[in-house]
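Trainee: I have just opened this entry and would like to go through it with you. Where shall we begin?
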Amino acid sequence: MASQEIRISLPGMTKVPLIDRKEDVYIIILTYLNQFSPVGKNFNIRPSASFSPHIFGAGKSFVGQNFLEFLKKFAEEEKEQKETEVFNKSSSGKIDAKIFSWKHFAENILLVCFELGESFSRAPFPSFRKALMYNIAMATAECNGMSAREIVEFTDAAMKQPSVSLFVQYLLEQFQKQYLFLMIDELSHLSYLTKYYSELTMKQFIEPDAEYVPFRKFFRVLRDLLMTGKVIVYLAGRTSQISARMSDARSSSMSLDMLRLNPFNLNDINEYLELAIYSGKTLKDWLLPSDGLQHRFAELLKKKTGGIPLILKNTLVALAEKAADLSQPVINDDNMESVLDDIFHSVVRKTTTFIVPEILDSATLLRYQFVLFNYQLGTVFPINFAITLCGTTTYLMDLVATFGFYSEVLGEEFKIGCCEFILRAHSNYKFFREATELFPLSPFSYIPDTSTAKGVFFEFVFMKIFRFRLLTFLHSNSSPIVHSAIPGIFQGSFIEQDNVSYSMESTKSNDIPILRNVSRSFSVHYRDYLQHCGIFVPKDGNSSGPDAYVVFHNGQTRYVVGFSFKFYHKTEFSKTNIKEEAKKFFKGVVSVLNDESFSSVQLRFQFVVVCTRYDQSVGFSTEEHNIVEDASGFVTQHSSGSTLNESSRSCLQLVIVSQRNLEVYLGRDNVETLRKIGEANRGEFSKDFSVWCKTVFESMSNAYVSSLETEQSNVTSRVTRNIRPRTNEENRMQMEELQLLT
């Protein structure tokens, strides 16, 4: 294969290889060709453009800026065969392709690229349409080697053309080309241009959202260029207004076809190592002492960087710089992963701005949790999948990119992808830590099977609603009673009998603290953590004890509740099994109850078991009311030989939550959704989980977050929304925090 190279100004990096983007370049050409009827050049369908809304670093701009170089590369490969068929690199399916010649387009395309940046408004025309034409003419001259004087003369002559068609014809004739390839980058900046061009905000009919108006106007102007039949348009830039096929180009009678731009696979990474040149040597020669290490090293690079082009490049450059300082390869079989981890901070500093959202509020937390959970599960979504959380509807592809995740496109569907470097950056940043604390799995964990996924999802939903309800009552009532805030779950228990209220004591700001790292013996982590109000989730869903702890204070009494979640539908799991598990919990609390250092506080312990449904295979006596039992009999003799103090015997309680009360707590619709999830086989689960997950998340959003805002517009809105852009000082502090991570 003939290699192509791109010369760049990155220090030390003198050659960036053109890693295979044949499928994406082909889609751009095919989008152009498919506009026309088989005979002649009459438009057969709507005028069409290609666009790429992917995350920063995915290679959007690179494809456009090097479009002609890619065509030349594919034309050389084409010499051995007269016609070319293109295959989908990311799946085994064959593209429904037209046959065409790469060489034809390589020889007849005029390349024009520019950004919708601040410089766009310097065009000496008050009309957006005229300003766009001016920027196209200017970029044509600049991209094709004209001198400053020639640029002025060329642009003036182009702007004097009396129609759009003649304008395009003039550009092509000056360079003796047949097609104008036009890449418009940073499409999201279009919103900023409205302050210069009022026509972008002018409504032509009733608009549901003013944010969409500039994009509709832009596409109507762009359509006139496409109607010439000589312009191939590629748009790059992430914006929520056109994040999927259901885009606002529709109202302008034009269509958009999205590029896949999937991350590099292992073959691509190997090719990058072999062809990229750093200070006169290939990256492979700088980094690897032998060929035998290359395959494992490429696999590690894929795991750490996800194959995201910019992160991969930054990682390899950081390693090459280290190798150059040492004057020898830095990778060997023993240190491969540790060396990659060591340069993590250098890589993250170059991508920080693009992985932390500008607004840090509870709505953003909920959106992040939706994205993270479905990434861990590997859920497959339709390309136009949208979700409404906290009153805002967002295309998932845009939401995914907001947090630094990427979309792995599979035909008309996609799944969420990410890499360890970005997840490490998230886990080391305070905001993202809070977003992941209710997950039994770490952000680096994939959910291994369907059964585990169902259980993890149920636990997350239960505890998320628990926290929302507690926050609602904590900030909307003068005396927040727990059993009122958490209806049904504590029915008949001493939480209800004692009218326990949740105290603001030991909480910080307007939040309920959560601790994940509870993994030692009960007496140790009680001494270290469980003397304060809050929610405590054992590390990695520690199966040797409760799935979550909640601590309440009521005067001089401290209530420690251990929750155990059971997502069983068709099983022989019974009350006997529950009692065996409860015994383990209560035996652990004996030493705490007998410890004289805690004698100033009265302690009460509950073991609360939550099942998603009682059916005939679960031997419980009732479905209407909770089962509440004195649990002191479970620990009449401690394993160490010490007996439970007589005064503590009434302080242990087992609670099994009834199905009726679970429905009151979760809401009947959520219970029905969880029932469907529980009964689904593996195929049904994979096919339908995206919709089920959306239903539950939207329900949580509408029932809890939104109610907080309407009920308490002053205090609670600060708790739940706190929507404001970060200041420059906060951005600076955020950068410093990430740079100082260890």
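Mentor: This is a predicted model. Let us begin with Val25, which lies in helix H1, residues 22-33.

Trainee: Is Val25 buried or exposed?

Mentor: Val25 has a relative accessible area of 0%. The cut-off for buried is under 20%, so Val25 counts as buried.

Trainee: Which residues is Val25 in contact with, leaving aside its neighbours within four places in sequence?

Mentor: With those neighbours set aside, Val25 is in contact with Phe67, Phe70, Leu71, Phe74 and Trp102. There is also a distance to note: the C-alpha atoms of Val25 and Gly64 are separated by 8.9 Å, while the two residues are 39 residues apart along the chain.

Trainee: What about Arg367, buried or exposed?

Mentor: Arg367 has 12% relative accessibility, so it counts as buried. Its place is in helix H15, residues 362-377. Beyond its neighbours within four places in sequence, Arg367 is in contact with Leu389, Cys390, Thr392, Leu399 and Phe403.

Trainee: Changing topic, how many residues has the largest nonpolar core?

Mentor: The largest nonpolar core has 175 residues. Those with the most contacts inside this core are Leu287, Phe297, Phe405, Phe466, Phe490, Phe552 and Phe563. Helix H19, residues 450-476, gives the largest share of the core, with 12 residues.

Trainee: How many cavities of 30 Å³ or more does the structure hold?

Mentor: The structure holds 3 cavities of that size. The largest cavity contains about 130 Å³ of space.

Trainee: Which residues lie nearest the centre of the largest cavity?

Mentor: They are His54, Ile55, Ala58, Tyr406 and Ser407, out of 17 residues that line the largest cavity. The lining divides into 12 nonpolar, 4 polar and 1 charged.

Trainee: Where does the largest share of that lining come from?

Mentor: Helix H16 supplies the largest share, 4 residues. Helix H16 (396-402) and strand E13 (406-410) each supply at least two residues of the lining. In terms of domains, at least three lining residues come from each of domain 1 (20-84 + 101-258) and domain 3 (362-440 + 448-465).

How values were computed
Residues are numbered from 1 along each chain as its sequence is written. This is a predicted model: local features need pLDDT of at least 70, side-chain atom pairs count only at pLDDT 80 or more; totals for chains, interfaces and linings use all residues. Side-chain values use heavy atoms; hydrogens and water are left out. A nonpolar core is a set of buried Ala, Val, Leu, Ile, Met, Phe, Trp, Tyr and Cys residues joined through side-chain atoms within 4.5 Å. Buried means under 20% relative accessible area, exposed over 50%, partly exposed in between (1.4 Å probe, protein chains only). On a 1 Å grid over the protein atoms alone, a cavity is a set of points where a 1.4 Å probe fits but cannot get out, and a pocket is an open set with protein on both sides within 12 Å along at least five of seven lines; lining residues have an atom within 4 Å of a point. Grid points are joined across faces, edges and corners, and a volume is the space filled by probe spheres set on the points. Ala, Val, Leu, Ile, Met, Phe, Trp, Tyr, Cys and Pro count as nonpolar, Asp, Glu, Lys and Arg as charged, and the others, Gly among them, as polar. Domain bounds come from an automatic or database domain assignment. Contact means heavy atoms within 4.5 Å.
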